[in-house]
Amino acid sequence: MIGHENLNKKVINCLKHAAPSKYSFLIFSLFYVSGLVFSILKPQYAASFFYYGFFLGVMEVKIQFPDIISLNYILNQFIYYLGRISFDIFLNNITLMVLCVFTGVAIVPVMLTGLFAFSGSLTGMLVMKFGIFKAVLILLGSFHLPLEILAALLSIDAFLKFYGSFANAILKHDFTVFKALKNEFLPLILSIAVVLATAAILEVFWSTWWVYILTNHYISWYDFYFGVRSVFVY
C-alpha cells in the first residue's frame, strides 16, 4: 500500500510540473488570437510570413510496400529511418527549448511568433482552405501540435522560474532560494523533455499520416508507415 501511495504521489507531482501557469497560457491566448486574426484579414501576408509545412496537405509521399516484412526491414524502416527523423526533430526542439529557458533570446521568434501566433494563423488557413469540419479534424488529430504548445508554455514558466530565483536571491540576499531550482526547476525541465520527445514521435508516426489521409487520399496506417520512402513538402 505504501508503495502504491508513493507512486501516486510521484505521478501527481509529475502532472503538476506538466501544467502551465495561467500567465503563460494568457500569453499563448493573446498570440493565438493575433495569428488567427492576421490570417483572416491578411491571408496572403500570413501565408508568406508563416511556414505551415505539411498541415495544408501540400506534400508528395512515395509509398513502396515491401514484398516481405522481415525483422531487418522493420529495424531499418522504424528505427534507422523514421526513428532517426523523430530523433532529429526532438534534438532541434530541445535545443530551441534550452535557448528559450536559459537565454530568452528565442522566446519571441520561436514560441510567441513561431508557435503561438503560427497556431492561430494555421487554424484560420485550414478553415479557409478545407472548411471548419475538416480543419477541426486536422487540428484535433495532429497530436504533436498541442504537445509542442504545452512544452513552449512550460519553457516560458521555466525561464521565469530560473531568472526569478536569481532575482529573489539578489534582492533578499538569501541564496537558499536556489533550493527551489532543484525541487521545481529541474523536474520542470524533465517534463518539457518528455513532452517534446512524445511530440516528435507523434509528429512522424501519426500526424503526418493523419494530415495526409484528410488532405490527399486514404491509405491505412500500416501501409503508409511500412511503405513510406519519402515525404516531400512543397
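Q: Why are helix 5 and helix 6 called oblique to each other?
A: In this predicted model, helix 5 (residues 107-130) and helix 6 (residues 132-141) pack at an angle of about 135°, with their axes 7 Å apart. Angles under 35 degrees count as roughly parallel, over 145 as roughly antiparallel, 65 to 115 as roughly perpendicular and the rest as oblique, and helix 5 and helix 6 are therefore oblique. Axes here are lines fitted to C-alpha atoms over the stretch in contact, with angles running from 0 to 180 degrees between N-to-C directions.

Q: What makes the contact of helix 5 with helix 6, by class?
A: Contact means heavy atoms within 4.5 Å, and Leu-122, Thr-123, Leu-126, Val-127 and Phe-130 of helix 5 meet Ile-132, Lys-134, Ala-135, Ile-138 and Leu-139 of helix 6. By class there are eight nonpolar, one polar and one charged residues, where Ala, Val, Leu, Ile, Met, Phe, Trp, Tyr, Cys and Pro count as nonpolar, Asp, Glu, Lys and Arg as charged, and the others, Gly among them, as polar.

Q: Which residues touch the most other members of the largest nonpolar core?
A: Among its 60 residues they are Tyr-52, Phe-55, Phe-116 and Ile-192, and the largest share of this core, 15 residues, comes from helix 8. Such a core is a set of buried (under 20% relative accessible area, 1.4 Å probe, protein chains only) Ala, Val, Leu, Ile, Met, Phe, Trp, Tyr and Cys residues joined through side-chain atoms within 4.5 Å.

Conventions
Residues numbered from 1 in each chain as written. Predicted model: local features only at pLDDT ≥ 70, side-chain atom pairs only at ≥ 80, totals over all residues. Heavy atoms only, no water. Helix = DSSP H or I, 4+ residues; strand = E, 2+ residues; numbered from the N terminus. Buried < 20%, exposed > 50% of the residue type's maximum accessible area, 1.4 Å probe, protein only.
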